[in-house]
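Please look through the sequence and the 3D structure below before reading on. The report then takes up the sheets, the helices and a few single residues in turn.

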Amino acid sequence: MKQRPCGPLVDALLSNGSTISYLETPGCLPLAINEGFKGGHIQLAASVSSQYVSSILLCAPYASNSGGTVLELTGGQVISQPYIDMTIAMMATFGITVTRRKDEQGQLLDVYEIPKGVYKNPPVYNIESDASSATYPLAIAAITGTTCTIENIGSASLQGDAGFAKGVLEPMGCTVVQTETETTVTGPPRGQLRACGFVDMEPMTDAFLTASVLGAVATKPSLEERRVDGIAPNTTRILGIANQRVKECNRIRAMIDELAKFGVETKELDDGLEIYGKPIEALTENPSIHCYDDHRVAMAFSVLGTVVKGAVLEEKACVAKTWPNWWDDLENKIGLSVEGVELDKAPSGQVDRLSFPPDASIILIGMRGAGKSYIGKLTATVLGLDYTDADEYLAEKVGMGLSEYVKEKGWPAFRDAELEAVCELLRTKPCGTVLSLGGGIVETPAAREALKSYRGPVVHVERDLEAIVKYLTEETTRPPYGDVTIEEVFRRREPWFAEAATHQFYSYFNPDATEEEKAAASKGLKAEIARYFKHISGLQPNLAPNLVKGKRSYFLSLTYPNITAALPIMDDLTT
């Protein structure tokens, strides 16, 4: 949840007079809130998430303003209107009536009036099943050719995702029987799903991940009325889901990258993606799927895993957010075989990444500005190795500066050239070298697979986001990120660095530190680099006894939540 943006909601509340501050990353949790909700006229950008709208609607009756609250939605098309309607309907059941304004012609406006009041419990309140979570067992029925019935979700539901069965599964060849309170889906024979063609999933954005994994095995031509001119008949084109880039992860990018591990081709669009269906028997077996700590990614790929041998989902605990018993229910209620595995023993078909020759070249990856060049040169000096900067190698190879190359050729061409250069370096410098790679090398699945296949240490050089932002704000020699912020790039790449790396090295730097603190932080860096890199390479394992005179032992600090604050007095603490 610390990676999920809440900036538009906070901005609206700040403009309304609330006192809120970010405790960690700007735009994300956690928050410090010092004053209550004032109410009055609030403008809220609602083109990213309807959850922002629901939160203000639900709290508005208790605003301190005696005249109530007027909520005006701005920023273009409102996302997931059915969930806003559902919130208003629930509030009415609890005694608060929200009025949606209309213009002179009677057309509904995105302006809501919420009176001041107190919620009153109704005698009985029926809570529907979660329509978003219901898409997964229904999709399992669709992909395996079986039947599944979900109770307490039907045509009368106000949840947008309740339309998944009729709007997505039925056009793909499933038989759907739906009453007001129940939905039953029977899938076609295994391997006989139709492509969905064009589908606007704006009313049910969370369900697009489920539709995507079904589209991956949907090879029959889509219905004529769903087909789009100029695209292959096995194409599922999903639009209306741009907001899914700012959820627990960039879900559109996540689906593209992880579907690629099954051998499924996709295409990213401004407002969604296209998936090109492939026969089940042609899918790559034994894929290891990174779930980005996102419950919907994990559950969606568990659907595809029902028809692909050896699929491993690397994170199981993330489903606890919405369905804690998901893995048990898959086995005990749906009848699938689910087995827990140790990741280092998973049948992924990959090499043992921690088994490599001690003289294997050391690869450094990490964000631009993390200190890869500085750490890399120092490592090469201390260990007596050669040093190569991949960006400098690429610039020499293409005969121009990288910023100029990106401006002339574009980012896709740059990424292709970058990958080619890195692969050349891995082939020509397999040992005796420290290779510092560009910060964006992890942006493409092909590059990440190349790093994961390398038999040598791949070290993620980490640095505080605050320090990276400070450095890159002042640095202008390399290509700009474009319309996205440094923070957004950092959050997008963070799981990819973790996926590609075998080790992590923390590059401490506090831009606001005193000279004394900076001196303490840099003291002994050469010795630490020598110890660390000799240990991970196997040249000289760090197996010395902890209590040898002059050597520090490991310890648990209950005084400093962040030990870096104690660096200036570390020698005194450990003598």
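What follows is a short report on how the parts of this predicted model are arranged.

## The sheet from β3 to β6

Four strands, in the order β3-β4-β6-β5, make up an open sheet whose pairing is mixed. Because β3 (40-45) and β5 (99-102) stand at the edges and each has a single partner strand, one side of each is left without a neighbour in the sheet. From one strand to the next, the twist averages 30°. Strands of a sheet pair through backbone hydrogen bonds, and they may do so either parallel or antiparallel. Here strand β4 (residues 69-74) and strand β6 (residues 108-114) run antiparallel and are joined by four bridges, and within this pairing V70 has E113 of β6 as its bridge partner.

Helix α3 (residues 81-93) packs on this sheet, where it touches β4, β5 and β6, and its direction makes about 30° with that of β6. If neighbours within four places in sequence are left aside, P82 is in contact with L158, G160 and P203. The C-alpha atoms of P82 and D161 are separated by 9.0 Å, although the two residues are 79 residues apart along the chain.

## The sheet from β10 to β13

Another open sheet is formed by four strands in the order β10-β11-β13-β12, and here too the pairing is mixed. Its edge strands are β10 (197-200) and β12 (265-269), each of which pairs on one side only, and the twist in this sheet averages 15° from one strand to the next. Strand β13 (residues 272-276) pairs with β12 in the antiparallel sense over five bridges, with E265 standing opposite Y276 in β13.

Two helices can be followed against this sheet. Helix α7 (residues 251-260) packs on the sheet and touches β12 and β13, its direction making about 165° with that of β12, while helix α6 (residues 208-215) lies across β11 (235-239) and β13 and runs at about 25° to β13. Which residues does R253 touch, if those up to four places away in sequence are not counted? R253, which is found in helix α7, touches E268, P445 and W496. The side chains of R253 and E268 are joined by a polar contact of 2.9 Å.

## Two helix pairs

Helix α14 (residues 445-453) and helix α16 (residues 486-500) have axes that come within 9 Å and cross at roughly 30°, which means that α14 is roughly parallel to α16. On the α14 side the contact is made by R448, E449, L451 and K452, and on the α16 side by W496, E499 and A500. The residues of this contact of α14 with α16 divide into three nonpolar, no polar and four charged.

The axes of helix α11 (residues 390-398) and helix α13 (residues 411-428) come within 10 Å, and they cross at roughly 110°, so α11 is roughly perpendicular to α13. The crossing of α11 and α13 is right-handed. Where the helices meet, α11 brings A390, D391, Y393, L394 and K397, and α13 brings F414, A417, E418, E420, A421, E424 and L425. In the contact of α11 with α13 the residues divide into seven nonpolar, no polar and five charged.

Strand β8 (residues 175-178) pairs with strand β9 (residues 182-186) in the antiparallel sense over four bridges, and T175 stands opposite T186 in β9. How many residues lie between β8 and β9 in the hairpin that they form? There are three residues between β8 and β9.

N152, in turn, lies in the loop between β7 (147-151) and α5 (164-169), and its phi is near 70°, a positive value in a residue other than glycine.

How values were computed. Residues are numbered from 1 along each chain as its sequence is written. This is a predicted model: local features need pLDDT of at least 70, side-chain atom pairs count only at pLDDT 80 or more; totals for chains, interfaces and linings use all residues. Side-chain values use heavy atoms; hydrogens and water are left out. Axes are lines fitted to C-alpha atoms, for helices over the stretch in contact, and angles run from 0 to 180 degrees between N-to-C directions. Angles under 35 degrees count as roughly parallel, over 145 as roughly antiparallel, 65 to 115 as roughly perpendicular and the rest as oblique. A crossing is left-handed if the near helix is turned anticlockwise from the far one by less than a right angle, and right-handed if clockwise. Contact means heavy atoms within 4.5 Å. Ala, Val, Leu, Ile, Met, Phe, Trp, Tyr, Cys and Pro count as nonpolar, Asp, Glu, Lys and Arg as charged, and the others, Gly among them, as polar. Two strands pair if DSSP finds at least two bridges between them. A polar contact is a pair of N or O atoms within 3.5 Å; within protein, one must be able to donate a hydrogen and the other to accept it, and residues adjacent in sequence count only if both atoms are side-chain atoms.
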